[in-house]
Amino acid sequence: MTAPKFTPGPWHTDDRGPIRGIVIRAADNEALCHVWFGTLMEPKNDSLQEANARLIAAAPELYEALKNVTDHLHLVSTAVAARGGYSWLAHFPEAARIIG
C-alpha cells in the first residue's frame, strides 16, 4: 500500500482571517486551501460554504476511516476466499484505488 499523497492530518478550519470565508489549515497551521463565501457582487450561502469547509477539513479522518474499512474487508475477503468464496474487495474498486 502506498503512502497518502496529501498533507497529513489533522486539518482544521479557521475563520479568523481577513478573507470572507474559511481557511483549511494543517496541524502546523499551514494554509491548505480557502473556501470563499462569494464576493460582494455574488454572495454565497455562508452556512453551505462553512459545511463544505468542514467536510474538506475532515478529509484526513475520512481517508483513515475508508482505509480501516477497506483493510477489514480485505481481511474478511481473504478468509472467505480461502474457504472457496469470492473477494468482496472486488466490489469496491474505487475504495481500493483511493487508498492505494
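Mentor: One cut-off before we start. Buried means under 20% relative accessible area, exposed means over 50%, and partly exposed is in between. Also keep in mind that this is a predicted model.

Trainee: Okay. So is tryptophan 11 buried or exposed?
Mentor: Buried. Its relative accessibility is 16%, and the cut-off for buried is under 20%.

Trainee: And phenylalanine 6, what's its relative accessible area?
Mentor: Phenylalanine 6 has 33%, so it counts as partly exposed.

Trainee: How many aromatic pairs does the structure hold?
Mentor: Two. In one of them, the rings of phenylalanine 6 and tryptophan 11 have their centres 6.2 Å apart. Their planes stand at 85°, so that pair is edge-to-face.

Trainee: What does phenylalanine 6 form with tyrosine 63?
Mentor: An edge-to-face aromatic pair, with 5.1 Å centre to centre and 75° between the planes.

Trainee: Where do those two sit in the chain?
Mentor: Phenylalanine 6 is in the segment before β1, and tyrosine 63 is in helix α2. They are 57 residues apart, so the pair links distant parts of the chain. Tyrosine 63 is buried, at 10% relative accessibility.

Trainee: Which residues do the ring pairs link into a cluster?
Mentor: Phe6, Trp11 and Tyr63.

Trainee: Staying with the helix, where is threonine 70 found?
Mentor: In helix α2, which covers residues 59–82. Threonine 70 counts as buried, at 5% relative accessibility.

Trainee: What does its side chain reach?
Mentor: The side chain of threonine 70 reaches the backbone oxygen of leucine 66, at 2.8 Å.

Trainee: New topic, the sheet. What's the strand order?
Mentor: β1-β2-β3, three strands in an open sheet with antiparallel pairing. The edge strands are β1, residues 12–14, and β3; each pairs on one side only. On average, neighbouring strands are turned by 30° against each other, ignoring direction.

Trainee: How many bridges are there between β2 and β3?
Mentor: Five, in the antiparallel sense. β2 runs over residues 21–25 and β3 over residues 31–36.

Trainee: Which residues face each other there?
Mentor: Isoleucine 24 stands opposite cysteine 33 in β3. Isoleucine 22 has valine 35 as its bridge partner, also in β3.

Trainee: And what lies between the two strands of that hairpin?
Mentor: Five residues. Take a look at asparagine 29 in the turn: its phi is positive, about 75°.

Conventions: Residues numbered from 1 in each chain as written. Predicted model: local features only at pLDDT ≥ 70, side-chain atom pairs only at ≥ 80, totals over all residues. Heavy atoms only, no water. Pairing = 2+ DSSP bridges. Helix = DSSP H or I, 4+ residues; strand = E, 2+ residues; numbered from the N terminus. Buried < 20%, exposed > 50% of the residue type's maximum accessible area, 1.4 Å probe, protein only. Polar contact = N/O pair within 3.5 Å; in protein donor to acceptor, adjacent residues only side chain to side chain. Axes fitted to C-alpha atoms, helices over the stretch in contact; angles between N-to-C directions. Phe/Tyr/Trp six-rings, centres within 6.5 Å; stacked < 30°, edge-to-face > 60°.
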